[in-house]
Amino acid sequence: MNAAVRTAAISDTEPYKQEVAISLKHLRKTFEDEDGNLVEVIRDITLDVREKEFISIVGPSGCGKTTMFNIISSLIEPSDGEIILRKWRPKERRGSQIGYMLQRDLLFPWRTILDNVSLGLELSGASKAECHDKAYDYLSRYGLGDFAKAYPSALSGGMRQRAALIRTLITDPDIILLDEPFSALDYQTRLVLEDEIVSILREFGKTVVLITHDIGEAIAMSDRIAVMTQRPTMVKNLYDVGLARQYGSCIKARSDARYQTLFDEIWADLDIQLGAHRS
Ligand SMILES: Nc1ncnc2c1ncn2[C@@H]1O[C@H](COP(=O)(O)OP(=O)(O)OP(=O)(O)O)[C@@H](O)[C@H]1O
Ligand SMILES: [Mg+2]
C-alpha cells in the first residue's frame, strides 16, 4: 500500500449527528420473473440513516440488499413505500446527492485511471481540463498520482478499488452507498482498505451505507449495523457499534471485547445453518 495515503482523520471521535440523512419508510419491492410470477424481494424496510454515520447492512445472500441500494439511488422504483432524503423529496435531484459504488464496480479497461476517475465530472458537464485537474488532485491525495496515466490492469486490486471510490467521491455526493467494495480482495488488503476508506470518508464528512457479507468488517468499520432477514427481507436487528470511532482504527476495533460479543449476536441473527451446503 502506498505510504502517501492519508489515514489521520479516522481519529475523529466526534459522534455522528442525530439528524436523519435518509429515511426509508415501509419500502417494498416485488419483481416479476420470466414466467410472469411475482417474486417478493423486500417485504418492509423501515430504517433511518443518520447524518455522517457509517452504517453497515449485513444479510443473507440474495435477500435484497443490492435491490435496496438500487431503490435508494433511483435506479429502480419501489413497489411501495417512501425514501425521504434530508427532509425533502424532489425525485429528480436524488441521484446527484448520492454516490453509488456498485457491487461489481469495474473501471473501464480502455480508459486511464485519470479518465476513469474524471468520468463522473465529465457527465456533469465540466470541461475536460477542469475534470482532469480535479481528478489528478484527488488521485495524488490518495496515493494514486503516479498511476494517473496507467490503465486499470496495471494496478493491484486494492488500488483499483481505491480509484473506484475516488470516482464515486469526486462529484461530492453527501451520501455514499458501497456495495461489497472489498469482496474481491485478499484479507490483508481488505484490512488496510477498511482503515483507509473509513478515514477518507470521515475526512469528507460523508454519510455512508456499506453492504458487506463480512460480519467482522461491519463491526470494525461501523457506527451501527442493520441485520436483514432472508428474502423477502426486513430489518431484523439494529446494533450500535462505534468501535472504529472510539479507537480511531478499524484494526484496533477488532481487539475490543465487544467485537466478539457483537459477532456472536449477528451470527445468531443470520441463522446460517452450518453444514447446509455440504453434500
Ligand atoms: N430486475 C430483477 N428482476 C427479477 N428479479 C430480480 C431483479 N433484481 C433482483 N432480483 C432478485 O431479487 C433477489 C435479491 O437480489 P439482490 O441482488 O438484491 O440480493 P443481494 O442481497 O444483494 O444478494 P447478494 O448478497 O448475493 O449480493 C434475488 O433473488 C434476485 O434474483
Ligand atoms: Mg448484492
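Visitor: In which sense do strands E6 and E7 pair, and over how many bridges?

Guide: Strand pairing is read from the bridges and their direction. In this predicted model, E6 and strand E7 (residues 207-211) are joined by five bridges and run parallel.

Visitor: Which strand is joined to E6 by four bridges?

Guide: That strand is E5 (residues 98-101), and its pairing with E6 is parallel. Here Met101 is the residue opposite Leu178 in E6.

Visitor: Why is strand E6 described as largely enclosed by the rest of the structure?

Guide: The reasoning rests on a neighbour count: a residue is buried if 20 or more other C-beta atoms lie within 10 Å of its own. Five of the five residues of E6 (residues 175-179) are buried, so the strand is largely enclosed by the rest of the structure. Its side chains may also be sorted by direction: Ile175, Leu177 and Asp179 point one way, Ile176 and Leu178 point the other way, and all are buried. For the protein chain of 279 residues, the buried share is 39%.

Visitor: How many Å should the residues of H6 span, and how far apart are its end C-alpha atoms?

Guide: The expected span is 1.5 Å times one less than the number of residues. The 17 residues of H6 should therefore span 24 Å, and the end C-alpha atoms are 24 Å apart, which agrees.

Visitor: Which residues of H6 are buried, and which residue with positive phi follows the helix?

Guide: Among the buried residues of H6 are Leu193, Ile197, Ile200 and Leu201, and also the charged residues Arg190, Glu194, Asp195, Glu196 and Arg202. Gly205 follows H6 and has a positive phi, near 65 degrees.

Visitor: How many helices and strands does the protein chain have?

Guide: The secondary structure comes to ten helices and nine strands. Of the contacts with a separation of 6 or more, 72% are between residues 24 or more positions apart.

Notes:
Residues numbered from 1 in each chain as written. Chains lettered and ligands numbered in written order. Predicted model: local features only at pLDDT ≥ 70, side-chain atom pairs only at ≥ 80, totals over all residues. Buried ≥ 20, exposed ≤ 12 C-beta atoms within 10 Å, placed from the backbone. Helix = DSSP H or I, 4+ residues; strand = E, 2+ residues; numbered from the N terminus. Pairing = 2+ DSSP bridges. Contact = placed C-beta atoms within 7 Å.
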